[in-house]
Amino acid sequence: MPRADFYLIDKPRFREQPLLLVCELAKRAYAAQQPTLILARDFAQAEAIDELLWDFDADAFIPHQLAGDDDDANTAVLIVPPGIDTPDRPMLINLRETCPAGHYERVLEVVAAEPAERDGSRTRWGEYKRLGIDVAKHDM
């Protein structure tokens, strides 16, 4: 059964730069050999994640790229801006305001500390529950 995990940003490190948590989650997924899609809100956010994945941890190498290239199927972590279609993968990191479509085993929702972000996450939480997906919350 699919599962949705909500990561609520609370630590100062992630409050200052929420995309660091996205990188940490991508690093964990890669270590667990889970092909992953990162669903970015817009192209600028996708590019920011792409750059941060190169620099956030000097000891880590996470094969990644922006989706839409011939190598997509062979890349561990695909960063997907809106408007680009990709095949489903077992793991998704969702940064968008809606629940992702498609088939997946697990979706990770990164929720910033701002009240408006939390309101949107509550809506998605309810939608996952309505779809019969197990949900869990983690304070980060």
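Residue S121 sits in helix α4; helices here are DSSP runs of H or I of at least four residues, strands are runs of E of at least two, and both are numbered from the N terminus. S121 counts as buried, at 7% relative accessibility. The classes are buried under 20% relative accessible area, exposed over 50%, and partly exposed in between, with a 1.4 Å probe and protein chains only. Setting aside residues up to four places away in sequence, S121 touches F6 and V111, where contact means heavy atoms within 4.5 Å. C99 lies 22 residues from S121 along the chain, and their C-alpha atoms are separated by 9.5 Å.

The structure is a predicted model, in which local features need pLDDT of at least 70 and side-chain atom pairs count only at pLDDT 80 or more, while totals for chains, interfaces and linings use all residues. Residues are numbered from 1 along each chain as its sequence is written, and side-chain values use heavy atoms, with hydrogens and water left out.

Helix α4, residues 115–130, also holds R118. R118 touches L8, I9, V111, A112 and A113, again not counting residues up to four places away in sequence. T86 and R118 are 32 residues apart in sequence. In space, C-alpha to C-alpha, T86 and R118 are 28 Å apart.

The chain contains four helices and seven strands. Along the sequence they follow the pattern β-α-α-β-α-β-β-β-β-α-β. The chain has a radius of gyration of 14 Å, which agrees with the value near 14 Å for a compact globule of 140 residues. This radius is taken over C-alpha atoms, and the globule rule is 2.2 Å times the number of residues to the power 0.38. The C-alpha atoms fill a box of roughly 35 × 35 × 25 Å along the principal axes. Of the 140 residues, 46% are buried. Contacts between residues at least 6 apart in sequence were also examined, and 62% of them join residues at least 24 apart.

In soluble globular proteins, nonpolar side chains tend to be buried together. The largest nonpolar core here has 28 residues. Such a core is a set of buried Ala, Val, Leu, Ile, Met, Phe, Trp, Tyr and Cys residues joined through side-chain atoms within 4.5 Å. The residues with the most contacts inside this core are L21, V22, I38, I49, L53, I93 and V110. Two or more residues each come from α2 (19–31), α3 (43–55), β4 (77–80), β5 (91–94) and β6 (106–111). Helix α2 gives the largest share, eight residues. Beyond its neighbours within four places in sequence, V22 is in contact with I38, I49, I93, L95 and V110. A second, separate core has 15 residues, among them L8, A67, L78 and I133.

Helix α2 also contains E24. E24 is buried, with a relative accessible area of 17%. Leaving aside neighbours within four places in sequence, its contacts are R13, F14 and F56.

M140 is found in the segment after β7 (134–139). M140 counts as buried, at 12% relative accessibility. Residues up to four places away in sequence excluded, M140 touches Y7, L8, I9, D10, K11, F14, L21 and R28. F14 is 126 residues from M140 along the chain, yet their C-alpha atoms are separated by 7.7 Å.

Q33 lies in the loop between α2 and β2. Q33 is exposed, with a relative accessible area of 69%. Phi of Q33 is near 60 degrees, a positive value in a residue other than glycine. Most residues other than glycine have a negative phi.

The largest pocket has a volume of about 260 Å³. A pocket is defined on a 1 Å grid over the protein atoms alone, as an open set of points where a 1.4 Å probe fits, with protein on both sides within 12 Å along at least five of seven lines; lining residues have an atom within 4 Å of a point. Grid points are joined across faces, edges and corners, and the volume is the space filled by probe spheres set on the points. The lining comprises 18 residues, of which L39, I84, T86, R96 and A101 are the closest to the pocket centre. Strands β2 (36–39) and β5 give two or more residues each to this lining. The lining divides into nine nonpolar, five polar and four charged residues. Here Ala, Val, Leu, Ile, Met, Phe, Trp, Tyr, Cys and Pro count as nonpolar, Asp, Glu, Lys and Arg as charged, and the others, Gly among them, as polar.
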